[in-house]
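Dear colleague,

I am passing on the structure below, together with some notes on what came out of going through it. Please read the notes alongside the coordinates.

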Amino acid sequence: MSTFREHFFRKNLFPGLNAVEQTYGKAQQEIEYTIYAELYDLDPLKQAFHVEEHEQWRIPLGIDANVRARIRAINDREWQLTTKESSDEWVGNRERNTLLTKDDFETWKKVGCDGFKKTRHSFRCEGSDLIWEVDVFKDRLTGQSHLWVKMDMEVKDLDQEIPKPPFKVKEFILGDRDGAPLSERVKIRSLWENQWARLDGKDDD
């Protein structure tokens with residue numbers, strides 16, 4: 001077991017359940033680890049095999065906390081509407097992606113909130129088909145790339161071995177888990193609400 005994985009489970013951490021599925025129009029069951037990590041520097045991200053520019057907005061859906069929705073533009077060439085449904089009856093989310101036109105995206109954006117731009121760096125894991133997706137946001141105060149990043153890895157099941165990332169991590173927090181310490185929850189909230197540059201500056205309460 002890798003040191004990275006040992007650290008996760010020594011602290012009784014559990015995987016996050018945010019998934020991204022590229023099969024459009026059909027609900028898919030997926031599980032994904034979500035990690036917030038502070039890097040020493042961003043130079044290692046230059047080794048990514050694929051880089052994309054994303055713009056994303058959350059779409060408020062009222063009181064049903066079991067269903068979430070967002071829109072996303074990828075390289076300003078592809079636009080998506082994504083819904084995620086959670087339930088105690090299954091592990092992970094049931095997620096559905098629908099392709100949008102650019103006009104659709106701009107219309108949905110009028111009712112969206114929590115808008116962000118980010119750069120996604122993808123890294124293959126040696127010896128497996130797993131991929132680390134590393135999202136870099138701008139610092140709200142300086143406009144420079146923030147050293148705290150969001151990392152995602154999609155897995156087939158909870159027992160799958162998790163390889164460590166191909167770069168050094170100064171500090172990390174495993175997101176989307178029950179029972180996380182208050183300090184970790186405060187840090188994650190601070191990243192989204194105060195540190196990473198937002199496009200709108202408004203919340204949906």
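Predicted model: local features only at pLDDT ≥ 70, side-chain atom pairs only at ≥ 80, totals over all residues.

As to the overall layout, the chain contains three helices and nine strands, which follow one another along the sequence in the pattern α-β-β-β-β-β-α-β-β-β-β-α. When contacts between residues at least 6 apart in sequence are considered, 64% of them join residues at least 24 apart. The accessible surface of the chain amounts to about 11,600 Å², and carbon and sulfur atoms account for 49% of that area.

Thr34 has a relative accessible area of 0%, and because buried means under 20%, Thr34 counts as buried. Its side chain makes a polar contact with the side chain of Asp152, at 3.1 Å, while the C-alpha atoms of Thr34 and Glu154 are separated by 8.9 Å, although these two residues lie 120 residues apart along the chain.

The other residue is Arg198, which is located in the segment that comes after α3 (182-195). The relative accessibility of Arg198 is 15%, so this residue is likewise classed as buried, the limit being under 20%. The side chain of Arg198 makes a polar contact of 3.0 Å with the side chain of Asp114.

Conventions. Residues numbered from 1 in each chain as written. Heavy atoms only, no water. Buried < 20%, exposed > 50% of the residue type's maximum accessible area, 1.4 Å probe, protein only. Polar contact = N/O pair within 3.5 Å; in protein donor to acceptor, adjacent residues only side chain to side chain. Helix = DSSP H or I, 4+ residues; strand = E, 2+ residues; numbered from the N terminus. Contact = heavy atoms within 4.5 Å. Areas by Shrake-Rupley, 256 points an atom, 1.4 Å probe, with all protein chains shown as cover.
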